[in-house]
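Hi,

Here is the model I said I would pass on.

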Amino acid sequence: MNITSPMVGKLLSIDVKVGDKVKKNDVVATIEAMKMQVKVFAPEDGEVAAVNAAPDTVVNPDTVIVVLK
Amino acid sequence: MSKLYEDLAAKREKIKQMGGEKAVAGQHKAGKMTARERIEYFFDPGTFTEIGMHIKHRITAFGMDKKEIPAEGVVIGYGKVNGKMVMAAAEDYTSMAGTFGEYHGKKFAQAIDMAKDMGIPFVGMNDSGGARLQEGIDTLQAYAWLFKAQNLASGIIPQLSLLMGPCLGGQAYHPVMQDFVFQCRKTGFMGIAGPAFVKTQLGIDIDLETLCGVQAHAVKSGCTHVVAEDDKDCLDKVKEMLAFLPQNNREKAPRIDTGDDPYRLVPELDGLIPEKTMMPFDMHEVINLLVDNGYFFEIAPDFAKNIIVGFGRFNGYTTGIIASQPNWMGGVIDCNAADKAARFIRFCDLFNIPLVNLHDTPAFMIGPDEEWKGILRHGAKMLYAYIDATVPKVTVMLRKSFAGAYLGMCCKDTGADLVFGWPEATVTIVGAETAASVIFAKEIKNAENPQEVRAKRIQEYRDLYENPYNAAERGYIDDVIMPSETRSKICLSLEMLKDKAVARPHRKFSNINL
């Protein structure tokens with residue numbers, strides 16, 4: 001399960017690390033866009049398999065930020 | 001005489017058996033109620049009156065002359081729901097898979113025509129294997145009767161569609177063209193074409209649920225407004241929604257006694273908004289604290305989550321609520337959010353339901369993705385919908401209300417009758433950072449200490465414009481209020497506005513950017 005950003009923005013932080021167990025709606029990353037901090041939520045329960053994006057880069061709606069298994 | 005009566009009883013009994021024991025067992029096994037069970041569950045006991053039970057098709061081709069289809073595969077009739085009249089059509093999947101033929105369609109269309117003329121809501125329960133191909137052009141024509149009937153009834157009576165089984169092909173325009181679509185999670189499917197057709201025409205392998213299920217329509221496409229767990233849950237939710245609606249566009253939206261004090265203060269709202277303007281919060285909390293008894297019926301909660309729309313009550317009056325959701329994409333308005341809001345606003349306007357608009361939005365979404373998707377023409381739908389709407393409109397600016405989004409979410413001069421601002425409100429054309437860097441670009445560039453000058457200019461702009469008072473001085477905000485006073489202010493405003501009358505010169509309609 002790939003987690004992508006809901007919108008274009010600057011990635012502020014990845015709020016999980018590989019191996020973390022996450023529940024649906026847990027925050028996995030934070031981006032900054034349109035004068036707001038925008039949280040990226042886990043769409044379902046899972047374990048973080050990979051982190052694919054780095055803070056301070058621009059993420060698009062098709063950028064995979066975190067991969068869950 | 002008794003023979004005649006016995007004949008009637010036998011005919012009725014036979015039709016009520018629908019497609020027979022085996023087909024009914026299959027329907028139950030699929031986790032579905034039959035059409036007649038749905039009708040029985042939906043209407044107040046003893047009030048349902050069936051019409052057109054004896055109608056038969058007239059097709060003889062392909063052995064159809066020997067085919068008996070009880071009630072033509074659709075049960076039609078009227079009765080009371082929550083004590084008020086409703087017209088319903090329930091497709092019977094057990095009778096030739098509820099296929100849509102000439103007389104099946106005619107029954108459907110006539111029911112909508114009658115509901116329109118009598119001014120009562122129409123509820124359609126869809127569960128059909130699709131077009132009855134044996135009937136050729138007559139089937140196609142029946143779709144036209146149906147679409148025409150529902151189009152001409154649109155805006156006169158509320159029309160609700162329930163996807164309780166499949167509804168695929170051109171027939172799927174039928175649910176989508178009604179006011180609200182309810183979809184059963186495990187059994188409801190809607191699509192322009194099913195997986196088989198997609199496979200043969202496009203070579204794509206995809207299953208029915210992925211292509212046409214609730215994820216497809218309640219999350220991705222936005223065609224579905226309410227997801228139900230099963231048939232009973234679906235019918236319960238429809239009853240719940242009907243309780244908010246007037247019978248037709250000549251009636252005012254209903255008022256019920258909710259027992260909730262309209263003038264009570266809501267101290268929990270003071271300090272609810274995070275001090276840092278960049279931090280999100282869940283607007284649902286605000287809505288739930290404002291409406292009577294915290295009861296909010298949300299529409300399309302999983303589609304375009306950056307805007308929240310739905311029905312609640314203030315002082316017992318049905319009210320449509322449109323609210324930014326800072327918790328999702330910062331509450332920015334993108335194409336999908338604008339579409340979702342605009343159609344809801346128009347529904348409320350058609351059925352005399354006042355609107356309450358809660359702002360915390362930084363902008364319409366910018367950037368290539370949304371620009372090329374047409375944010376301008378989608379965002380325009382909100383402007384059109386709000387300015388067109390003649391129902392009472394009350395706006396509360398909670399925090400951000402910037403630029404085009406200030407206009408698009410309904411400000412004083414795009415139609416709000418009354419506008420309140422919280423002390424936290426920042427109502428202006430652009431954020432201070434952007435403004436200062438444009439206005440004072442030269443000064444900052446040429447300064448000995450550019451950072452210092454920039455910071456100073458930003459602060460000046462912020463002090464001047466990033467507050468509710470600048471707008472209040474011009475009368476764009478009618479009053480700056482404590483968050484805790486919001487419920488009381490909304491209730492009193494709606495009371496004052498309830499007989500609002502607007503006169504405009506005649507035109508066919510505005511040319512909204514569809």
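First, the ground rules. This is a predicted model, so note that local features need pLDDT of at least 70, side-chain atom pairs count only at pLDDT 80 or more, and totals for chains, interfaces and linings use all residues. Residues are numbered from 1 along each chain as its sequence is written, while chains are lettered from A and ligands numbered from 1 in the order in which they are written.

**Chain B overall**

Chain B has 514 residues, and 48% of them count as buried. Buried here means 20 or more other C-beta atoms within 10 Å of a residue's own; exposed means 12 or fewer, partly exposed is in between, and the C-beta atoms are placed from the backbone. The C-alpha trace of chain B spans about 100 × 55 × 45 Å along its principal axes. You'll find 20 helices and 17 strands in chain B; these are DSSP runs numbered from the N terminus, with helices being H or I of at least four residues and strands being E of at least two. Of the contacts in chain B with a separation of 6 or more, 75% are between residues 24 or more positions apart. A contact needs C-beta atoms, placed from the backbone, within 7 Å.

**Domains**

Chain B is assigned domain 1 (2-242), domain 2 (278-429 + 467-497) and domain 3 (432-465). Those bounds come from an automatic or database domain assignment. The centres of domain 1 and domain 2 of chain B, taken over C-alpha atoms, are 36 Å apart. Where they meet, 9 residues of domain 1 of chain B contact 12 residues of domain 2 of chain B. On the domain 1 side, α9 (214-221) and α10 (231-242) of chain B each supply at least two residues. By class, that side has 4 nonpolar, 3 polar and 2 charged residues. For the classes, Ala, Val, Leu, Ile, Met, Phe, Trp, Tyr, Cys and Pro are nonpolar, Asp, Glu, Lys and Arg are charged, and the others, Gly among them, are polar.

**Cores**

A nonpolar core is a set of buried Ala, Val, Leu, Ile, Met, Phe, Trp, Tyr and Cys residues joined through C-beta atoms within 7 Å. The largest one has 150 residues, and among the members that touch the most others are B:L162, B:F182 and B:I345. Helix α12 (residues 335-350) of chain B gives the largest share of this core, 9 residues. The core also draws at least three residues from each of domain 1 and domain 2 of chain B. A second, separate core of 5 residues includes B:A432, B:A435, B:I458 and B:Y461.

Helix α18 (residues 450-465) of chain B has 16 residues. Which of its residues are buried? They are B:R457, B:I458 and B:Y461. These cover an arc of only 105° around the axis, which puts them on the same side of α18(B); the arc is that of the directions from the helix axis to the C-beta atoms. The buried residues of α18(B) pack against α16 (432-439) of chain B, whereas exposed B:E452 and B:D463 sit on the face turned away from the buried side.

Helix α5 (residues 137-153) of chain B has 17 residues. Its buried residues are B:T139, B:A142, B:L146, B:A149, B:Q150 and B:A153. Seen down the axis they fall within an arc of 90°, so they line one face of α5(B). They pack against α4 (102-118), β4 (122-126), β5 (159-163) and α6 (173-176) of chain B. On the other side of α5(B), B:I137, B:A144, B:N151 and B:L152 are exposed. Just after α5(B), B:G155 has a positive phi of about 90°.

**A loop residue**

B:D260 is in the loop between α10 and α11 (283-290) of chain B. It counts as partly exposed because it has 17 C-beta neighbours inside 10 Å. Leaving aside neighbours within four places in sequence, B:D260 contacts B:D292 and B:N293.

**Chain A against chain B**

The contact takes 11 residues from chain A and 14 residues from chain B. Strand β5 (residues 36-41) of chain A gives the largest share of the chain A side, 4 residues.

Cheers

Definitions and conventions. Contact = placed C-beta atoms within 7 Å. Expected span 1.5 Å × (residues − 1).
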